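Please keep the sequence and the structure in view while reading.

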Amino acid sequence: MTVTLADVAARARVSPATVSRVLNGNYPVAASTRDRVLRAVDDLDYVLNGPASSLAAATSDLVGILVNDIADPFFGIMAGAAQSEIGGPGDGSGRAGGEKLAVVCNTGGSPERELTYLTLLQRQRAAAVVLTGGALEDPAHQAVMAAKLAKLADAGTRIVFCGRPPLPDSDAVVAALAFDNRGGGRRLTEHLLELGHRRIGYVAGPLERTTTRHRLEGHREAMKAAGLYADEESLTVHGPYDRRSGYDATLELLRRAPEVTAVVAANDTVALGAGAAIRERGLRIPEDVSVAGFDDLPFSVDAVPALTTVRLPLFEAGARAGRLAMGKETPPPGGIATIEAELMVRGSTAPPRG
């Protein structure tokens, strides 16, 4: 026999309206009453009808977290931290009272798939959406994204960006938490210049991504300030944010310019591939070629030698995005916050020989 909301109300000795308020979390209820209702829910094993509830309310209990690749620690750390905040009060009782169901949507870096997931979340009346990582730099796609996000926001969905800059001409986003990729890229290259490096190769990410452009701009700002900008195009190779790209691109860099004394990688995973290519050529790190990454992913400190990189507070940013998505934290002024990057100097960089 199906347990109804009226059954829960009778068991808790309250009205059906009070049960609804407790389960939807949309109206203040006395703590003792809330406990009584949730105890009745547990005792009767009552399951809230999600679709029907979402039709009656502005939004459902669903929250979408969009990532490029959940297998990439960069996205996995942010998604996990956001989910921990979205899950609810976490009182350990196992009771369902105001928590949200976080669903991770893996886009594979496809802008079309990103839009598809947003459409599906819109149909499900998602309470919130967190979009992580860099954005595609294409005016047509940005216009479509702005329109889609506006529809979500109009329906009551809270939208938060984590690790991506704000969308031009859009006020649908509650908050955009953007990493200081440009500043981090500049400080990393300045470190290599201070060590005495002058021929620095750069393995960049995909051309069309905001993260790629900002990190590369920081690198080139430092090189230009040192009067070393002339060869930057020939010393830059673009590719995906994966180990294979780092390996292939570094072999190409060493072919173009065998005299390079340092390689800066688009991220730490790319840096691992760069290191493999350097060793395959019979060169040592850092004695012959220094290597640096970006993000400070968990494995970076365990690389041999430990990887010099730029630390982004991925867990802290993801948790903050989760709180903002749930309305637990006040949005930053203007809805935009820049999250600082920290240079982590380790054993993979050293002064060039001679």
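Which residues of α5 are buried? They are Phe74, Phe75, Met78, Ala79, Ala81, Ala82 and Ile86. Seen down the axis of α5, these residues fall within an arc of 165 degrees, so they line one face of the helix. The model is predicted.

**The chain as a whole**

- The chain contains 12 helices and 12 strands.
- Its C-alpha atoms fill a box of roughly 85 × 40 × 35 Å, taken along the principal axes.
- Of the 354 residues in the chain, 49% are buried.
- Contacts between residues at least 6 apart in sequence join residues at least 24 apart in 73% of cases.

**Helix α5**

- Helix α5 covers residues 73-86, which is 14 residues.
- From its first C-alpha to its last, α5 reaches 19 Å, close to the 20 Å expected at 1.5 Å a residue.
- An α-helix has 3.6 residues a turn, so residues three or four places apart point the same way.
- At the start of α5, the backbone nitrogen of Phe74 has a side-chain oxygen of Asp72 within 2.9 Å.

**Aromatic rings and a charge over a ring**

- A pair of aromatic rings is described by the distance of the centres and the angle of the planes.
- With ring centres required to lie within 6.5 Å, the count comes to 2 aromatic pairs.
- The rings of Phe74 and Phe75 have centres 5.0 Å apart and planes at 80 degrees; planes over 60 degrees apart count as edge-to-face, so this pair is edge-to-face.
- Both Phe74 and Phe75 are buried.
- For Phe74 and Phe179 the ring centres are 6.4 Å apart and the planes are at 70 degrees, so this pair is edge-to-face.
- Phe179 is buried, as is Phe74.
- One aromatic cluster is formed by Phe74, Phe75 and Phe179.
- Elsewhere, Arg164 lies over the face of Phe161, at 5.4 Å from the ring centre.

**Cis peptide bonds**

- Most residues other than glycine have a negative phi, and most peptide bonds are trans.
- Where does the chain have a cis bond that leads from Ile285? The peptide bond from Ile285 to Pro286 is cis, with omega near 5 degrees.
- Pro286 sits in the loop between α11 (268-280) and β9 (290-292).
- Val304 and Pro305 are also joined by a cis peptide bond, with omega about -10 degrees.
- The loop between β9 and β10 (309-311) holds Pro305.

- Asp295 is a residue other than glycine with a positive phi, near 115 degrees.
- Asp295 is placed in the loop between β9 and β10.
- Is Asp295 buried or exposed? Its relative accessibility is 3%, and buried means under 20%, so Asp295 counts as buried.
- Asp296 is not a glycine either, and its phi is positive at about 60 degrees.
- Asp296 likewise lies in the loop between β9 and β10.
- At 17% relative accessibility, Asp296 is under the 20% limit and therefore counts as buried.

Note on methods: Residues numbered from 1 in each chain as written. Heavy atoms only, no water. Helix = DSSP H or I, 4+ residues; strand = E, 2+ residues; numbered from the N terminus. Expected span 1.5 Å × (residues − 1). Buried < 20%, exposed > 50% of the residue type's maximum accessible area, 1.4 Å probe, protein only. Arc of directions from axis to C-beta. Polar contact = N/O pair within 3.5 Å; in protein donor to acceptor, adjacent residues only side chain to side chain. Phe/Tyr/Trp six-rings, centres within 6.5 Å; stacked < 30°, edge-to-face > 60°. Lys NZ or Arg CZ within 6 Å of the ring centre and 35° of its normal. Contact = heavy atoms within 4.5 Å.
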